[in-house]
Amino acid sequence: MDMSDLGDFTSGFDDDGDPPASDASGGVDDRDGGRGTDASVTGQGAPGDGDGDATGSPFESLDVDPAGQDRGIGVVSVSQGLRVAEDGDDTSLRAFVTTGNREGIRLGTYLLVPYPDDELLFCRITALEYAQEFQSDDATEINARRMMRRDGFTERDYKFVASLDPVAVLYAEDDELKRRMTDRVPKPGAVVTEATDGDQIKTGLKIPADGVFLGHLSVGGQRVRTAADPPTIDYRLTDDYGDGDPLIFRHTLVAGGTGSGKTHASKNVLRQYLESSYEMDDGREVETAVVQFDPQDEYAQMHDDNPALDDETARRFEREGIAHGGHDDTVALVPAVGDYSYPGSGHRAEQVRFTIPFSMVRRRPWLVAGASLNDNQYTALSHLLDRFFREGGETYTGFRSFLDDPALREELDEAGRVHEATFDAVKRRVFGIPQGVFDQDAQPITGLVRRLVRPGGLSVIPTYHVNDSRATEMVVLAVASLLIDDKLSNDPDHRRIKETPLVLGMDEAHNFLTDADTVQARKVIQKFTEAAKQGRKERLGLFLITQDPQDVAEPVFKQVNTKLVLNLGDEAAIKSVNIPPTLEDKVPYMEKGQMVVYSPDNSEPVELTGLSTCVTRHGD
């Protein structure tokens, strides 16, 4: 036997071993995947025996329709194991997805798997994969050449499998939908459906029905849709004491890089806060006051309506209970610093100038401590300030004259109270602080407390016009400490601060709350850490906004319960926010306005899409 004996088998292939394209004679068509269509396969054109159909087929044609109707996207598969376990790494839960449903399936999609007794397993897709339907080797020259000449492939030739992460079991009790931890394994072949009911999704993710609106639930940047009106699912932050302390007073961090939309998102959230009210210790229900430090002169715009917000969008916001429109009770409290002038042309809010009185330093020596005083020098500064104020001193100019007295320096040195070298070091630091911070020609902030803190009012403190970072830092920390000290005090100087729910917003928080080994930094961090720890009790919430979360001091950072993370490109910044890995991996790829929310005491970690239209004026 030689190769000529195989002529009947090889004559249909070219020199490369490929089957030829079909021609008019009915040869093999490569676009059909190599499957022949001649009469010998189909039976068409073969002589009949009288028992076949009209085409001459020897087989009788039967009209068969499938019974029932397809439901869901697929079924639970047991081929690679079916197991739920306390350790998530030991859980094996997969669903086979049918061909017609595959294009719409995405990572993160929420699914439901029924149990026989009407309970539901609520789960999330964590992986998608194709697997071969048949045991064959598709890594061959013939198969590769055939696929290269085709426009696609046949879905039914492959398995499409989704790996599922069980989130919770949903069950009904007293006509109320509830959730519990996953404690049951579903049955093999159980029909898997996409979760489209808003109540089921909110219950499965533990999202409160009411509270402060943050955005709409989304998967892969696409809002989750339901059959309800509105079709989106609103994500809210609990503000009900019945479920524990309102999370507004357990602090919020908004982290995002330049162009991520963090200011847009922050305005939308703060606008919702201004519509909230909370019960104080004396039983009064008081509206929330917001004080926002504004380094870029953007937040006073919240006084004005957004011209881009049309009537249809406004009606949609109203249906969803989203506060919108300019906030009339907005005041720009402008720090008077040296010769710097504030243009204030980007908004129509009322403007009130203020100054920092040097008298505030009496209780806060760290304001003039400078960046490099050590503990011994700080003790000397405190002693000098105490003596200055006891002797009737009041102003920064007066304190400079006080320190300029050689007799005082000699007296303190001889008495062993302050060494001459220490005295000189303190004097250099005090003389070195920026001029024009204290005692300017404006009302002292201590006399404007009722304008600074107003129930239901927004006070914006712009610092964009102050082109001295040290002066800006002193102003922000002076006003913040005034608010925090009275909030935490049992005998406050200003009852208005103590008796009003307050949100203290700080943009570019990394510039003011950075951890450093200096007396001033330690004192500032200590003060804000105390504020963060006692905030829930005193109705004080911190709202920190930053593009460098890794630079916020850890003692403050770890008190933050709710994190809204927008696009961050820096790996160190992403790691620092300490969110689950499944969300962490999404952060560098999020579009403007997309965010992940990690608030363990509010809900499961989720992805949100913020409002594309700002509820107040934003930008030019």
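These legends describe close-up views of one predicted protein model.

Residues are numbered from 1 along each chain as its sequence is written, and side-chain values use heavy atoms, without hydrogens or water. Because the model is predicted, local features need pLDDT of at least 70 and side-chain atom pairs count only at pLDDT 80 or more, while totals for chains, interfaces and linings use all residues.

**View 1. The whole protein, by its totals.**
The protein has 17 helices and 23 strands. Both are DSSP runs numbered from the N terminus: helices (H or I) have at least four residues and strands (E) at least two. Of the 620 residues, 49% count as buried. Buried means under 20% relative accessible area, exposed means over 50%, and partly exposed lies in between (1.4 Å probe, protein chains only). Take the contacts between residues at least 6 apart in sequence: 71% of them join residues at least 24 apart. A contact means heavy atoms within 4.5 Å.

**View 2. Helices H9 and H10.**
Two packed helices are described by the angle between their axes and the distance between the axes. Helix H9 spans residues 406-414, and helix H10 spans residues 420-432. Their axes are 9 Å apart, and the helices pack at an angle of about 135°. That makes H9 oblique to H10. Axes are lines fitted to C-alpha atoms, for helices over the stretch in contact, and angles run from 0 to 180 degrees between N-to-C directions. Angles under 35 degrees count as roughly parallel, over 145 as roughly antiparallel, 65 to 115 as roughly perpendicular, and the rest as oblique. The crossing of H9 and H10 is right-handed. In a right-handed crossing the near helix is turned clockwise from the far one by less than a right angle; in a left-handed one, anticlockwise. H9 brings Leu408, Arg409, Leu412 and Asp413 to the contact, and H10 brings Glu420, Phe423 and Asp424. By class, the contact of H9 with H10 has three nonpolar, no polar and four charged residues. Ala, Val, Leu, Ile, Met, Phe, Trp, Tyr, Cys and Pro count as nonpolar; Asp, Glu, Lys and Arg count as charged; the others, Gly among them, count as polar.

**View 3. Helices H8 and H10.**
Helix H8 covers residues 396-403. The axes of H8 and H10 come within 11 Å and cross at roughly 155°. H8 and H10 are therefore roughly antiparallel to each other. Their crossing is left-handed. Tyr396, Phe399, Arg400 and Leu403 in H8 meet Phe423, Lys427, Val430 and Phe431 in H10. The contact of H8 with H10 has six nonpolar, no polar and two charged residues.

**View 4. Ala369 in its loop.**
Ala369 is found in the loop between strand S16 (350-355) and helix H7 (375-390). Its relative accessible area is 0%, so Ala369 is buried. Beyond its neighbours within four places in sequence, Ala369 is in contact with Tyr378, Leu381 and Arg429. Leu381 is 12 residues away in sequence and 7.6 Å away in space, C-alpha to C-alpha.

**View 5. Ala190 in its loop.**
Ala190 lies between strand S6 (176-180) and strand S7 (191-194), in the loop. Ala190 is buried, at a relative accessible area of 10%. Not counting residues up to four places away in sequence, Ala190 touches Gly74, Val75, Val76, Val113 and Pro114. Val113 is 77 residues away along the chain, yet the two C-alpha atoms are separated by 6.6 Å.

Cys123 is buried, at 0% relative accessible area. Cys614 is buried too, at 3%. The structure holds zero disulfides. A disulfide is a pair of cysteine sulfur atoms within 2.5 Å.
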